[in-house]
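Subject: Structure handover and notes

Hello,

Here is the structure I promised to pass on. Please open it alongside this email.

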Amino acid sequence: MLLYNSATRKREEFIPHVEGKVSMYTCGPTVYHFAHIGNLRTYMMEDVLEKYLRYAGYDVTRVMNITDVGHLSSDADEGEDKMLKGARREKKTVMEIAKFYTDAFFADCEKLNIKTPDIVQPATGCINEYIAMIETLLEKGYAYEAGGNIYFDTSKLEKYYIFNDFKEEDLDVGVREGVEADGNKRNKADFVLWFTKSKFDDQELKWESPWGIGYPGWHIECSGISLKYLGEYLDIHCGGIDNAFPHHTNEIAQSEACIGHDWCKYWFHVLHLNTNSGKMSKSKGEFLTVSLLEEKGYDPMVYRFFCLQSHYRKSLVFSWENMDNAVVAYNKLIARIAALNPHSGEAVDTEAYETLRTGFVKAMDNDMNTSLGITALYDVLKAKTNDATKLALIENYDTVLSLSLLDRAAALRQKEEEKKAAEAKALADAAAADPFVAEILAAIEARKAAKKERNFAEADRIRDELAAKGVTLIDTAQGTTYKID
Ligand code: AMP
Ligand code: ZN
């Protein structure tokens, strides 16, 4: 499989550290508010990556943190803790907020068919691991104490900026956002590993440490959790593109300084979902959540389909018009699948199956091109092979795409059958209530049978006989109805 690696800025052949096994780490949500659908685009594309690696035969272990402490207003670890702000907004404790929004996050994931990672670790559960790492960093001279906090010294590294598109000026963003710069830092890029002193000393969650009572910085949690569960050689680290700098850059700095060798080989970054007016936000205007989509009548699967139609390395614009187009396309796709016969009793044509499957594999092997993966689905529908083969392929692709294709098609088929049954019942009820209607319906059935036997003379005779009684027959694609003059 070719995968774009942000660290080398190239598409590379994916080769894990241990043959057949993949260790995968995902930066999880900061649980101070609901996830917006932009956040969920990132988790969805990571979900596809995990599922495709499993599909390709790898034994994947995926770990995700839950940020419930230490993520400050600015990613350059300045300002107030987001969790504390959330708790104050809702007049609850930080732990109450964390529990509520963690549950909400996984409920959203479930609606979008995003699998829960094998290990989910709240940041507050690994404090000892961060303390041990910080001690090592201090011993090795990569960290220093200033003004009560412990900082990572970026000047000690040969190379700090890994993802080339980022540079020191990007650190000014936090300051522009109304957050004051930290005067304790020796270098502009240095970052906090452990806080004991902060202007915001009403921090709710604090722990004992060799440097006093305090709390960890945001970046150390991902390094600590990843090293704890996935060891010193990580295959893939994922996140949204905004995480590349400073968060991932800092993770690399502290992890490699701590373990003394290269750490993660492939960096997978998902580009942002934006609105027509720009960046997606949790504070201004309409806050786009999965619940809002549902309130407006959209099936969350349509949002997944919308995201999968474009490549994860392209930014994507969300609009209600784009969603409406996705509804039409998704419903058409489901209708075409529903038209296939699941009870044909035919055998799967293994040759056709393997030939068609190559199309899907080729698309996904090419830096996870989900858009072409979906095209491969349409290729199946168009192919000259039997329904059993088509359905088997759709089921196979959907283990990766997770668009609920067969479930939704079965639901549609059932809905259509129920509609037909209701119509038949309405006719039968009308017939039971009125002998004349019963006579007309019996005549319609007799005419249908005559036509089937190609006895058109008899069919015409029945129609004329009804006409003489003032009944006009109307033939439609759905069958024959009538009108009494
Ligand atoms: P957070 O909960 O803020 O830590 O973000 C959770 C994940 O969503 C991170 O991987 C972010 O990089 C990612 N993310 C943030 N904004 C967007 C966006 N507009 N589109 C896609 N991913 C995003
Ligand atoms: Zn992280």
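Predicted model: local features only at pLDDT ≥ 70, side-chain atom pairs only at ≥ 80, totals over all residues.

**Zinc site**

Start with the zinc ion (ligand 2). Which residues hold the zinc ion? The donors are C27 through SG, C222 through SG and H247 through NE2. Their distances run from 2.0 to 2.1 Å. Along the sequence, the donor spacing reads C-x194-C-x24-H. C27 sits in the loop between strand 3 (21-26) and helix 1 (37-55), while H247 belongs to helix 7 (residues 244-259), so this pair ties together parts that are 220 residues apart in sequence. Are C27 and H247 buried or exposed? Both are buried.

**Ligand 1**

Next, ligand 1. How many residues surround ligand 1? There are 15, and the closest are G38, T42, G240, D242 and L273. Helix 1 gives the largest share of this shell, with 4 residues. Helix 1 and strand 12 (234-240) each supply at least two of the shell residues.

- D242: an N or O atom of its side chain is 2.4 Å from an oxygen atom of ligand 1.
- T42: a polar side-chain atom lies 2.7 Å from a nitrogen atom of ligand 1.
- T30: a backbone N or O atom lies 3.0 Å from an oxygen atom of ligand 1.

On its own, ligand 1 exposes 500 Å². The protein buries 93% of that area.

**Helix 14**

Now to helix 14 (residues 405-433). With 29 residues at 1.5 Å a residue, helix 14 should span 42 Å; its end C-alpha atoms are 42 Å apart, so the two values agree. Which residues of helix 14 are buried? They are L405, A409, R413 and A431. These buried residues pack against four helices: helix 10 (320-338), helix 12 (370-382), helix 13 (387-401) and helix 15 (435-452).

**Helix 15**

Helix 15 has 18 residues. From its first C-alpha to its last it reaches 26 Å, close to the 26 Å expected at 1.5 Å a residue. Its buried residues are V437, I440, L441, A443, I444, R447 and A450. They pack against helix 14, helix 16 (456-468), strand 17 (471-476) and strand 18 (479-484).

Look at both ends of helix 15 too. What caps the N-terminal end of helix 15? D434 does: a side-chain oxygen lies 2.8 Å from the backbone nitrogen of F436. After helix 15 comes R454, with a positive phi near 60°.

**Two single residues**

G373 is in helix 12. Its relative accessibility is 0%, so G373 counts as buried. Leaving out residues up to four places away in sequence, G373 touches F360, A363, M364 and L401. G373 and V31 are 342 residues apart in sequence, and their C-alpha atoms are 32 Å apart in space.

A335 is found in helix 10. Its relative accessible area is 37%, so A335 is partly exposed. A335 and G479 are 144 residues apart along the chain, with 20 Å between their C-alpha atoms.

Then go to D242 beside ligand 1. Finish at D434, the N-terminal cap of helix 15.

Best wishes

Notes. Residues numbered from 1 in each chain as written. Chains lettered and ligands numbered in written order. Heavy atoms only, no water. Expected span 1.5 Å × (residues − 1). Buried < 20%, exposed > 50% of the residue type's maximum accessible area, 1.4 Å probe, protein only. Contact = heavy atoms within 4.5 Å. Donors = N, O, S within 2.8 Å, 3.2 Å for Na, K, Ca; no water. Near = heavy atom within 4 Å. Polar contact = N/O pair within 3.5 Å; in protein donor to acceptor, adjacent residues only side chain to side chain. Areas by Shrake-Rupley, 256 points an atom, 1.4 Å probe, with all protein chains shown as cover.
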